[in-house]
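Colleague: Put the model up, please, and we'll go through it.

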Amino acid sequence: MPRYTPSKIESRWQAAWEKDDIFKAVRSADKPKYYVLEMFPYPSGRIHMGHVRNYTMGDVVARHKIATGHNVLHPMGWDAFGMPAENAAMATGGHPRDWTYGNIADMRAQMKPLGLSIDWSREFATCDPEYYGQQQALFLDFLEAGLVYRKNAVVNWDPVDMTVLANEQVENGRGWRSGALVERRELTQWFFKISDHSEELLEALDTLDNWPAKVKLMQSNWIGRSRGLQFAFSTLDAPEGFDRIEVYTTRPDTLLGASFVGISPDHPLARALEREDPEVAAFVAECRKGGTTEEAIETAEKLGRDTGIRVRHPFDTAQELPVYIANFILMDYGTGAIFGCPAHDQRDFDFATKYGLPIPPVFLPDEDHADRLDEAYVPPKTEKVFYIRGFAGDTHQTGEKAIDAAIAFCEENGVGQGVTKYRLRDWGLSRQRYWGCPIPVVHCDACGVVPEKKENLPIELPYDVTLDVPGNPLDRHPTWRDTECPACGAAARRETDTMDTFVDSSWYYARFTAPHAETPTRLEDAEYWMNVDQYIGGIEHAILHLLYARFFARAMHITGHLPASAVEPFDALFTQGMVTHEIYQTTDERGRPVYHLPEEVTDGKLADGTEVQIIPSAKMSKSKKNVVDPLGIIDRFGADTARWFVLSDSPPERDVEWTASGAEAAYKHLSRVWNISDRIAGMEENAQGTGDEDLMRAMHKTIHDVTVGVESFGFNAAIAKLYAFTATLQKSQAGQDSQREAIMTLAQLMAPMTPHLAEDIWAMQGGEGLIATAPWPVADEAMLVDDTVTMPIQINGKRRAEIKVRADMPKDEVEALALGHEAVIRTLDGAAPKKVIVVPGRIVNVVA
RNA sequence: GCGGGCGUGAUGGAAUGGUAGACAUACCAGACUUAAAAUCUGUUGGGCGUAUGCCCGUGUGGGUUCGACUCCCACCGCCCGCACCA
């Protein structure tokens, strides 16, 4: 008896698709275009189940769109620059370029057996000189357009290795290799002026109707628009040039609750004091210890130091406030100086308590409330409170109103201005690393910083470098830096910093539309293919990658590389969850955890009988030994089983737990479908049966439900319907015609998920051409409507009975029928119902 | 610390504010078999009960509603991000 043999059919159908080149994307006026893109992978060397899930989802969308008559672009590439290549080179002595291209070859070979509908002719890696040369051209155009500039910025500095560290290389405030306490140090760096676009990037979020609301909210909070008051305190006893300290506050209504002024350790005044006073210098040095992340700064112990300088309160010049240097004030936000109002800010409250500063409340919940506080009183701004130290607006008012009134008052009295500020900072793109896109500028003693000439691009990375010592190999290279000034021709030095890898991933979607063009994009291709109709990737990219890409699309439009219609490059976004797996853990004699591979565990026990602790749903990681290799699964069950399983068990936006039994069940199911097809193929031509009508009704309902599921990312729900229909078909006694139609339709509905199996069934049933290009089945509306519906009857919200009624029965008839039901009569016991709610087609609720 | 999300049977999960637990796993039972595997069929949230049936149940506590897994408030736990990981 023939059986389902994925290893044979998968390679056969992949060859058939390749022979006809059906996934090659060519511009065409006859069909609507559809561009589906999954976030491209970093070439780590092995694909993992997360990749399988991500690319299978994109593939379902792509194949469904092909079947519904679209001209589909579905490309693949490699996000190939970055630190892991350098780390691997340091660890094993190889070269980042060899390591990366080797990994790309391996991963491509691992991906191909999945049978994805990818146009491989468009493949590129961001470390190809062809790609990063065009990126350098973009940089030069951005520079000319005033979208790039240089300024100082703070980096993590390892004082032992004498090198800049990435945030992930800082562990508990220490360098990962040297173990030295990390310091914050300033370097001159290149920046993209993303902050000029803050307002637009914020406003345009409203137009992104097919983005998850949570992503838009996260971006909105990240951009962080705030309305506040900017004003200056005049100082007493301050050094020359510091007779005013500018502060920005979003709570000007609490100005009379001010008890100190705080400045950032990087504030110009702190710098000035640092130069004069060794004790201040020591304190500021202490503040600069630790990493640069906001998390590290916010969770560090709050430190402050009284500078001895005093400021006058703008409303009461007799009142003097101390000026503190405080480690939690960021120079990058606002003016780098604040006034502290301890009564209404918990951080200020803790600070004031620590340094014995007064805590005068500005407002209280109501008149009766005592005016001593045990913690900061921070009600929502929309709540009405009682102002005891208000100076503008009503005594009883909301925080919102009080803020507006305070700004108006201050503006009228010349104390300050209402201003709008953003939390979003400019994007620092300089990296002191080898494996990235070189920044194409030259430093000339006479001309200063000079852009490289476009005809000299790409500025290629030299191959002959060593990564055996910390620091940037480009800096150490004997000749690479040496060049001549593009302006005056004198001897000059290349910039040795390379670009942040976020730059690489900020425009690859545009490059895919013309991957080998001799300019960054080709406008007619960009105009045809952009925007990405469906973008799919992880939620971890919700803010940075997606915000940078949105900015880049705008910058590319300004410099003529993208049409105005592509400034929001992703029409729809879907964020998928991870693939998780149980962790099997025991402990050693010292109580430390020991992890075990899934194949070492049977029925919760090791081979020697030791009980294993099972930790469910954990992110797959090598160190926890809970990684499942897709290749092993494909070998055992085939790609269709892997694809089916990653879609079937969880909603796509949630994590899915990989289980061996689930994978086996998926395989069994696919076998079952194949066997049904085999059986039907052997039926006698025109054989008659019974229940044809029922089978056809079930089929049309399934077409409808699966179509809705596939189009709305309800893949798991669509698969549940396919299971149900398979069971119906298996039991069906219908005639050969109906059964053949049913199995072919089932194959078509499964084709986006299990394309190889679907092709095989299609061929077995004598289908015309390839199922991959066959038109998507359409449900017959008439077959979807049932004549009768079952309606539950609730009594006081609890389901007590049900009635079968005609689908179009009027409300009052339904009500009469419900009230006549035995269960209702028994409960009402002669009394009249207080209320009867009839929701047509859904439910009846009798309130007794 | 700040911003965002999630929480439903033994397990993964389903459910436009309208029958909680679809579909799948696991378990149990049955058919087929000398037997096993494979395959097929059936049962399964907890409790009471011979039973028509009744009570409880969607992280915890409150609220809105004829009706809440779904909306609101507070709390607990887990996950993602925090600008040099990709």
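Colleague: Which residues lie nearest the centre of the largest cavity?
Modeller: Arg 63, Ala 67, Ala 751, Ile 771 and Ala 772 do, out of 13 residues that line the largest cavity. A cavity here is a set of points on a 1 Å grid over the protein atoms alone where a 1.4 Å probe fits but cannot get out, and a lining residue has an atom within 4 Å of a point. This is a predicted model, where local features need pLDDT of at least 70, side-chain atom pairs count only at pLDDT 80 or more, and totals for chains, interfaces and linings use all residues. Residues are numbered from 1 along each chain as its sequence is written, chains are lettered from A and ligands numbered from 1 in the order in which they are written, and side-chain values use heavy atoms, with hydrogens and water left out.

Colleague: Why roll a probe at all?
Modeller: Rolling a probe the size of a water molecule over the atoms shows where empty space is left.

Colleague: How much space lies in the largest cavity?
Modeller: About 110 Å³, taken as the space filled by probe spheres set on the points, which are joined across faces, edges and corners.

Colleague: Which helices supply at least two residues of its lining?
Modeller: Helix H2 (49-67) and helix H24 (755-764) each do. H2 gives the most, with four residues. Helices are DSSP runs of H or I with at least four residues, strands are runs of E with at least two, and both are numbered from the N terminus.

Colleague: What classes are in that lining?
Modeller: The largest cavity has nine nonpolar, two polar and two charged lining residues. Ala, Val, Leu, Ile, Met, Phe, Trp, Tyr, Cys and Pro count as nonpolar, Asp, Glu, Lys and Arg as charged, and the others, Gly among them, as polar.

Colleague: How many cavities of 30 Å³ or more are there?
Modeller: Two. Phe 124, Asp 128, Glu 130, Tyr 131, Arg 511, Pro 515 and His 516 line the second largest cavity, and by class they are three nonpolar, one polar and three charged.

Colleague: New topic. Which residues come nearest RNA strand B?
Modeller: Asn 167, Arg 431, Arg 433, Arg 799 and Asn 845, out of 64 residues around RNA strand B. Sugar and phosphate make up 63% of the RNA strand B atoms that come within 4 Å of the protein. The residues of the surface near RNA strand B split into 23 nonpolar, 18 polar and 23 charged, where near means a heavy atom within 4 Å.

Colleague: What does Arg 431 lie 2.8 Å from?
Modeller: A polar side-chain atom of Arg 431 lies at that distance from a phosphate oxygen of RNA strand B. For Gln 189, a polar side-chain atom is 3.2 Å from a base nitrogen of RNA strand B. In the side chain of Asn 221, an N or O atom is 2.9 Å from a sugar or linking oxygen of RNA strand B.

Colleague: And strand E20, are its faces covered or open?
Modeller: Both are covered. In E20 (residues 441-444), Val 441 and His 443 on one side and Val 442 and Cys 444 on the other are all buried, meaning under 20% relative accessible area (1.4 Å probe, protein chains only).

Colleague: What does E20 form with E21?
Modeller: A hairpin, with three residues between E20 and E21. E20 pairs with E21 (residues 448-451) in the antiparallel sense over four bridges; pairing needs at least two bridges found by DSSP. His 443 has Val 449 as its bridge partner in E21. E20 is also joined to strand E23 (residues 491-494) by two bridges, running antiparallel, and there His 443 stands opposite Arg 493.

Terms used:
On a 1 Å grid over the protein atoms alone, a cavity is a set of points where a 1.4 Å probe fits but cannot get out, and a pocket is an open set with protein on both sides within 12 Å along at least five of seven lines; lining residues have an atom within 4 Å of a point. A polar contact is a pair of N or O atoms within 3.5 Å; within protein, one must be able to donate a hydrogen and the other to accept it, and residues adjacent in sequence count only if both atoms are side-chain atoms. Buried means under 20% relative accessible area, exposed over 50%, partly exposed in between (1.4 Å probe, protein chains only).
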